[in-house]
Amino acid sequence: AGSGGGADCAKLKNDYLATLDQARVCDKGSTEQCNVNSTLPGSCNCPVLVNAQSEYTTLAKKQQQAMTAAGCHYAACGIACLLNPSATCAQQTMTSGNTYLCSGAAALQ
């Protein structure tokens with residue numbers, strides 16, 4: 001790793017969060033890709049539901065380990081994390097086109 005001031009935590013974190021976004025993508029109608037046990041920490045250290053069968057999830061886990069190994073830590077955002085009692089592949093309309101993401105039916109019962 002060359003000389004210098006250690007790892008660039010901001011870059012590691014940005015790379016991880018970009019991969020995490022990809023890891024949330026799932027296939028419409030899938031019942032196996034999204035489950036409550038398949039989560040990774042998001043930007044506030046709250047669990048984010050991810051596609052258990054995605055190569056992006058595997059990559060994100062490696063990037064998360066690299067951040068931990070480099071001593072990079074998230075700042076807690078001071079918010080309560082929503083618990084996800086269930087997980088489903090749900091359509092998102094924030095982006096152009098029809099993207100399906102792993103989503104939780106958080107709290108609202």
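1. Let's start with a bond you can find by eye. Cysteine 26 and cysteine 89 are joined by a disulfide, with an S to S distance of 2.0 Å. Keep in mind that this is a predicted model. In case the word is new: a disulfide is a covalent bond between the sulfur atoms of two cysteines.

2. Now look at where the two ends of that link sit. Cysteine 26 is in the loop between α1 and β1 (34-41), while cysteine 89 is in strand β3, so the pair links distant parts of the chain, 63 residues apart. The link is right-handed, with 100° about the S-S bond. Cysteine 26 has a relative accessible area of 6%, under the 20% cut-off, so it counts as buried. Cysteine 89 is buried as well, at 13%.

3. How many disulfides does a search of the whole structure find? It finds five. Counting bonded cysteines along the chain, they follow the pattern 1-6, 2-9, 3-10, 4-7, 5-8.

4. Another one to click on is the disulfide from cysteine 9 to cysteine 72, again listed with S to S 2.0 Å. Cysteine 9 belongs to helix α1 and cysteine 72 to the loop between α2 and β3, so this pair ties together parts that are 63 residues apart in sequence. The torsion about the S-S bond is about -80°, so this disulfide is left-handed.

5. Cysteine 44 lies in the loop between β1 and β2 and cysteine 77 in the loop between α2 and β3, 33 residues apart. Cysteine 77 is partly exposed, with a relative accessible area of 40%.

6. On to the inside. The largest nonpolar core has ten residues, among them Tyr16, Leu20, Val48, Met67, Cys72 and Tyr74. Two or more residues each come from α1 (9-23), β2 (47-51) and α2 (55-69), and α1 gives the most, with three. A second, separate core of six residues includes Cys26, Cys34, Cys89 and Cys102.

7. Finally, have a look at tyrosine 74. Is this residue buried or exposed? Tyrosine 74 is buried, at 14% relative accessible area, and sits in the loop between α2 and β3 (87-92). Its contacts include Tyr16, Leu17, Pro41 and Met67. Proline 41 is 33 residues away along the chain, yet the two C-alpha atoms are separated by 9.3 Å.

Terms used:
Residues numbered from 1 in each chain as written. Predicted model: local features only at pLDDT ≥ 70, side-chain atom pairs only at ≥ 80, totals over all residues. Heavy atoms only, no water. Core = buried A, V, L, I, M, F, W, Y, C linked by side-chain atoms within 4.5 Å. Buried < 20%, exposed > 50% of the residue type's maximum accessible area, 1.4 Å probe, protein only. Helix = DSSP H or I, 4+ residues; strand = E, 2+ residues; numbered from the N terminus. Contact = heavy atoms within 4.5 Å. Disulfide = S-S within 2.5 Å. Lists of a residue's contacts leave out its neighbours within four places in sequence.
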